[in-house]
Amino acid sequence: MNNDWFDELTNGEPLLCSSIQMGVIESLLKISPISEPEKSEILSEIDTYSEDEASSVIRILKEDVVETDVRKQWKKMFN
């Protein structure tokens, strides 16, 4: 079996982030408390992110997200 199939598929370069990841990032930016310049920087670079970079941005944005559900706010406050 050819173990280099993935490298052949991607030409040895990491895959770009998917449209789903882009949508998640864009929706998280709407409710994120980060500054507007940071939001603009993320949006301007979103097309160049690899899947791993997009995953790390999503993870960071989810940590600081302002919850809209009161139950989740309560749990976050006491956990």
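Modeller: Let's start with a word we will need: contact means heavy atoms within 4.5 Å. This is a predicted model, where local features need pLDDT of at least 70, side-chain atom pairs count only at pLDDT 80 or more, and totals for chains, interfaces and linings use all residues. Residues are numbered from 1 along each chain as its sequence is written, and side-chain values use heavy atoms, with hydrogens and water left out.

Biologist: Thanks! Which residues is Cys17 in contact with, leaving aside neighbours within four places in sequence?

Modeller: Cys17 is in contact with Met22, Ile46, Tyr49, Ser50, Glu51 and Ala54.

Biologist: Why is Ser32 called buried?

Modeller: Buried means under 20% relative accessible area, exposed over 50%, and partly exposed in between (1.4 Å probe, protein chains only). Ser32 has 6% relative accessibility, so Ser32 counts as buried. Ser32 is found in the loop between α2 and α3 (36-45), and touches Lys39 and Leu61, not counting residues up to four places away in sequence.

Biologist: And why does Phe78 count as exposed?

Modeller: Phe78 counts as exposed because its relative accessibility is 54%. Phe78 lies in helix α5 (residues 70-78); helices (H or I, at least four residues) and strands (E, at least two) are DSSP runs, numbered from the N terminus.

Biologist: What makes up the largest nonpolar core?

Modeller: A nonpolar core is a set of buried Ala, Val, Leu, Ile, Met, Phe, Trp, Tyr and Cys residues joined through side-chain atoms within 4.5 Å. The largest one here has 12 residues, including Cys17, Ile46, Tyr49, Ala54 and Leu61. Helices α2 (19-30) and α4 (51-64) each supply at least two of its residues, and α4 gives the largest share, four residues.
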